Amino acid sequence: MSDLLRPVAIGRDLVRRDGMDKVTGRARYAYEADVPNASYCRLVQTTVARGRVEAMHTDAARQVDGVRAVITPFTAESLHTDGGELAVLQDQEIAFRGQVIGLVVADTAEAALRAAELVEVTCSTAPHDVALSADRDDLYKPEKVNPSYETDTSDGDVDVAMAAAEVTVEQTYTTAMYHNNPLEPHATTAFWDGEHLTVWDSTQGVHPTRAVLADLFDLDKEHVRVICPYVGGGFGSKGEPHVHVVLAAMAARAVPGRHVKLALTRQQMFSLAGHRTPTIQRMRLAADRIGHLSGIAIDVVEHTAKMKEYAEQTGVPTRMMYAAPNRATTHRLAALDVPAPSWMRAPGECPGMFGPEVAMDELAEALGIDPIELRIRNEPDVDPETGHPFSSRNLVTCLREGAARFGWADRDPRPRAREEDGWYVGTGVASSVYPVNRMAESTATIRFERGAYVVEIGAADLGTGTWTTLAQIAADALGVDVEDVSVRIGDTRYPVASVAGGSSGMTTWGSAVVNAARAFRDKHGSAPADGAEADGSTEDNPATEQYAMYAFGAQFVEAHVHRDTGEIRVPRLLGVFAAGRIINPRTARSQFIGGMTMGLSMALHENSVLDPRHGHVVNHDLAEYHITTCADVTDIEATWLDEHDPHVNPMGTKGIGEIGIVGTAAAVVNAVHHAIGIRVRDLPVTLDKLLPGL
Amino acid sequence: MKPFTLATPTDADEAVRLVADDPDAAFLGGGTNLVDHLKLGVATPGALVDITRATSAEITDLPDGGPRVGAAVRNGDFTADRRARERYPLIVQSVLAGASGQLRNMATIGGNPLQRTRCVYFQDVTTPCNKREPGSGCGAHGGYTRYHAILGASEHCIATHPSDLAVALAAVDATVRVLGADGERTIPFTDLHRLPGDAPERDTTLAHGELITAIDLPALPMARRSLYRKVRDRASYAFALVSVAAAIELDGDRISDVRIALGGVAHKPWRAHRAEAVLRGARPLEETFETAAAAELADARPLDGVDGGNGFKTTLAARTIVAALRDLTEGARS
Ligand SMILES: Cc1cc2nc3c(=O)[nH]c(=O)nc-3n(C[C@H](O)[C@H](O)[C@H](O)COP(=O)(O)OP(=O)(O)OC[C@H]3O[C@@H](n4cnc5c(N)ncnc54)[C@H](O)[C@@H]3O)c2cc1C
Ligand code: SF4
């Protein structure tokens, strides 16, 4: 796979094709689907974290004007499922606080809300358990970690390396529980026409959603249509359907002839749309005095739901990042009475590059070596995990390029060396990594229609730029002007496409588009007849057997800590990435800085506070669950190397949606440490953790 | 959300009558707090009476030289007023430090000090809360207390008052003009809010049906040398962990007068009388500032809690008081 497309449209910073419709409000999102006969759905949730629904009284609710249906676990239709997150309203068991135990459909959203409040619920309660700790005696080893990595790995003997090392670091780091919180809530509009179901859903994949719905409602796939032209962000939480999609479909079936709209409230998004597990990471590093690692190990403890297992692959990046002959990683889970954790931007790598990258900084400090130099000294020749060469690995170039741009050379490594206007100033660095993922199944169709090329594929645009970038790929694959290509995505009427997840979209859908273009030219030549058409699908890439494929990056942070109050501000963030070829610098930059901003948010702000007494996240709205605001990000810059990788796919791209969030939080912690000499090992870094040392 | 009626009277007496006569009615200002509460089920009035046409949206000058700010003046408009900006930096800064531009354009001067606590248990009807449902218990005790009180709390309620504006108004000794069914009265701003005691359901000393028609600011020339310092978890759009409103007047090398109020620490804007007493007549020295802060916080009772509690607030409040006083007197000290 060495013939990369000749970049003509690829590499241009074209504006988003959907941009104007979005900023003028013409783009319709799932809840806004233009449908006749709309009804509105509101959910009833449990207020206990474990127990059983004994009875529900719905008379008062039914009496509210405009109410058309009330559904409870006692009355709901049976789904084709044997349990798990989506088996909603199938029995009376309560698995977590906030679980859906009923729904109301009414002619207005207000009437539905009123009626939902009037549903009376009698529950029996059982003691619940939501507290994660590393010393629980019921931690267990999952079969695999997400999606199918080995749970534990061990090469050599880290204990021996630790005992023999000249310098060691042994520390525990923790990341908080996080909620994805896309701006657009999870929302669905559903309609049944006999045995045909249509849903407008805010999803990262119309075909995966269709497959799940077809199974649950026992329908022929062809009888289910999922439509989703636009998504107001998902960050993984719309990667798999959650219960609202199922509930909207159930609700619509209860009111024949009507379209039912259901949007989760922000509060509901904290219990019904997935989250990132908190992690406890015990790190061990063993090194000699010149900084060569002889051992690196991470032991991860995190939570999952009793109802459905999800094991975040937090230890995975430690397996391949640095050249240490002795390496070990483990994952242990506590199964709790919590909603099911799930994907959130860069599952695994995002939390999993926190502990290790802070530990590397601690090692650099202990050795008196510059943290960039320490990383360079541990650069492996081949992938430490598989022994394969890297298809391309430019971490060192990212570190050096970033250091030059950031002005790292003048850095005085001592903490508190700089103070400006009452603020201590520090700088920090960390590495980023993300694998090149390719999904198994995607097909594109290219058709010549009235003098132009139409590309159809059921892909998703989460705001990332798919509408635009697929056109750029198709144009270069066909050898035509990008203006002569139109793209149709976000509908199961188009050929099957994989989920927008794992930063795999461009690799997977782009490969399908390139194959379709090649098939089209083979079949129809360069002067096609109107209506000429060809398909192409993603294929396995044999090079994945020979090469380790990853994108890399380096992140630089300037942190200020207020001398009096310990307030932390990050006025400068720089990311340098090596992520293969960049299809569109405009949309790419937005992915990188978006990821970095979310990483900053994780470092300083985000923190789902799970109250163990009640069993739910109590700061469940955007006033109390803090996400970085514009005022927190003053100077943020992302740049990238012109990286040529002939092995990954015909476009030479590696995927950029997630790497931006990887490493940022560690770089912030390292910069705060440099500013005032306090090492915060538990996220978020808040002023109360610094005050005692001021 | 309970169904409700909405009245939009253009006259204050009418507005008062509509609410005073109906135990189930409430005033509606900009709605930025109350409408959230309707949706959350925290407030369940059967009738809303919009006061934005019934009270003044003007800032006028009083005979003694202080301005009168009508209850319907939008927070955003207040911060744009030239007189206010020149004469009361601490008040303007307090408003600008709160919420967001969009919210400030809706929120009213009368509604802002009457916004209710952000205690997460108060806002979640599935948890107990004595303020929302007297006698149900306090969900915050032993829970998430990062934003809770260190001063003046009771076993029944440990919530803080979230308004930034109210802290500045307490510092300058503003006066609240109130219209009730029995006529008009005025309340010193520092007496508007209450400590929770055994009746946390009552945030203020207003009776049902009493309408704030305006807030009068004293002429207070010393307010020109003033500031509002808000310490929060993010750079914008966050409630205070601790805030300090301060104004100072120097006479030679002495502090001739000083006003300090604290936010984020109590059920009401906390006027720092003890600190003021230490400072009045003293020289503006760092040690004196520290002594004053320590005197004010001597009775602080930090709380344990789920996410580490709020023990840091005592130190933080002390350090923020000192920093604010230092900023205000810089250049004046030798
Ligand atoms: C996300 C978010 C962040 C925020 N951040 C901050 C912040 O950082 N700092 C801060 O100070 N505030 C903050 N706020 C709160 C905001 O300032 C208040 O919601 C606003 O000031 C309330 O004013 P209003 O006119 O909208 O009041 P309303 O919501 O209309 O009313 C509030 C209360 O006052 C009563 N009321 C209103 N007017 C009168 C009157 N004239 N007489 C008698 N009773 C009356 C109402 O009945 C109600 O009980 C934030 C709000 C939100 C939503
Ligand atoms: S602190 Fe006050 S407002 Fe919060 S739960 Fe307790 S009683 Fe309610």
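**Around ligand 2**

Modeller: Let me start with the ligand: ligand 2 is surrounded by 16 residues, and the closest are Cys119(B), Cys129(B), Cys138(B), Cys157(B) and Ile158(B). Bear in mind that this is a predicted model.

Colleague: Thanks! How does the shell around ligand 2 split by class?

Modeller: The shell has 10 nonpolar residues, five polar ones and one charged one.

Colleague: Staying in chain B, where does Ala170(B) sit?

Modeller: Ala170(B) belongs to helix 7 of chain B, which covers residues 164–171.

Colleague: And is Ala170(B) buried or exposed?

Modeller: Buried: the relative accessible area of Ala170(B) is 1%, and the cut-off for buried is under 20%.

Colleague: What is Ala170(B) in contact with, leaving aside its neighbours within four places in sequence?

Modeller: Its contacts are Phe189(B), Thr190(B), Ala261(B), Pro269(B) and Arg271(B).

Colleague: How far is Ala170(B) from Gly252(B)?

Modeller: The two are 82 residues apart in sequence, and their C-alpha atoms are 27 Å apart in space.

Colleague: OK, over to chain A. What order do the strands take in the open sheet of four?

Modeller: The order is 22-21-20-23 in chain A, and the pairing is mixed. Strand 22 (485–488) and strand 23 (533–537) of chain A are at the edges with a single partner strand each, so each has one side without a neighbour in the sheet. On average, neighbouring strands in this sheet are turned by 20° against each other, direction ignored.

Colleague: How does strand 23 of chain A pair with strand 20 of chain A?

Modeller: In the antiparallel sense, over five bridges, with strand 20 of chain A covering residues 443–449. Within that pairing, Glu533(A) in strand 23 of chain A has Arg447(A) opposite.

Colleague: Which residues are on the covered face of strand 23 of chain A, and which on the uncovered one?

Modeller: Ala534(A) and Gly536(A) make up the covered face, while Glu533(A), Asp535(A) and Ser537(A) are on the uncovered one.

Colleague: Which strands does helix 13 of chain A lie across?

Modeller: Helix 13 of chain A (residues 505–524) lies across strand 20, strand 21 and strand 23 of chain A, at about 140° to strand 23 of chain A. There is also helix 12 of chain A (residues 466–478), which lies across strand 20, strand 21 (452–456) and strand 22 of chain A and runs at about 135° to strand 22 of chain A.

Colleague: Nice. Why call strand 12 of chain A largely enclosed?

Modeller: Because five of its six residues (196–201) are buried. Strand 12 of chain A pairs with strand 11 of chain A (residues 187–193) in the antiparallel sense over six bridges, and the two form a hairpin with two residues between them. In that turn, Gly194(A) has a positive phi of about 60°.

Colleague: What does Thr198(A) in strand 12 of chain A stand opposite?

Modeller: Phe191(A). Thr198(A) also has a bridge partner in strand 13 of chain A, Arg225(A); strand 12 and strand 13 (residues 224–227) of chain A pair in the parallel sense over four bridges.

Colleague: Last one: how many residues of helix 9 of chain A are buried?

Modeller: 11 of its 13, so to speak mostly covered. At 1.5 Å a residue, helix 9 of chain A (residues 355–367) should span 18 Å, and its end C-alpha atoms are 18 Å apart, which agrees.

Methods. Residues are numbered from 1 along each chain as its sequence is written. Chains are lettered from A and ligands numbered from 1 in the order in which they are written. This is a predicted model: local features need pLDDT of at least 70, side-chain atom pairs count only at pLDDT 80 or more; totals for chains, interfaces and linings use all residues. Side-chain values use heavy atoms; hydrogens and water are left out. The expected span of a helix is 1.5 Å times one less than its number of residues. Buried means under 20% relative accessible area, exposed over 50%, partly exposed in between (1.4 Å probe, protein chains only). A residue is near a molecule or strand if one of its heavy atoms lies within 4 Å of it. Ala, Val, Leu, Ile, Met, Phe, Trp, Tyr, Cys and Pro count as nonpolar, Asp, Glu, Lys and Arg as charged, and the others, Gly among them, as polar. Two strands pair if DSSP finds at least two bridges between them. Axes are lines fitted to C-alpha atoms, for helices over the stretch in contact, and angles run from 0 to 180 degrees between N-to-C directions. Contact means heavy atoms within 4.5 Å.
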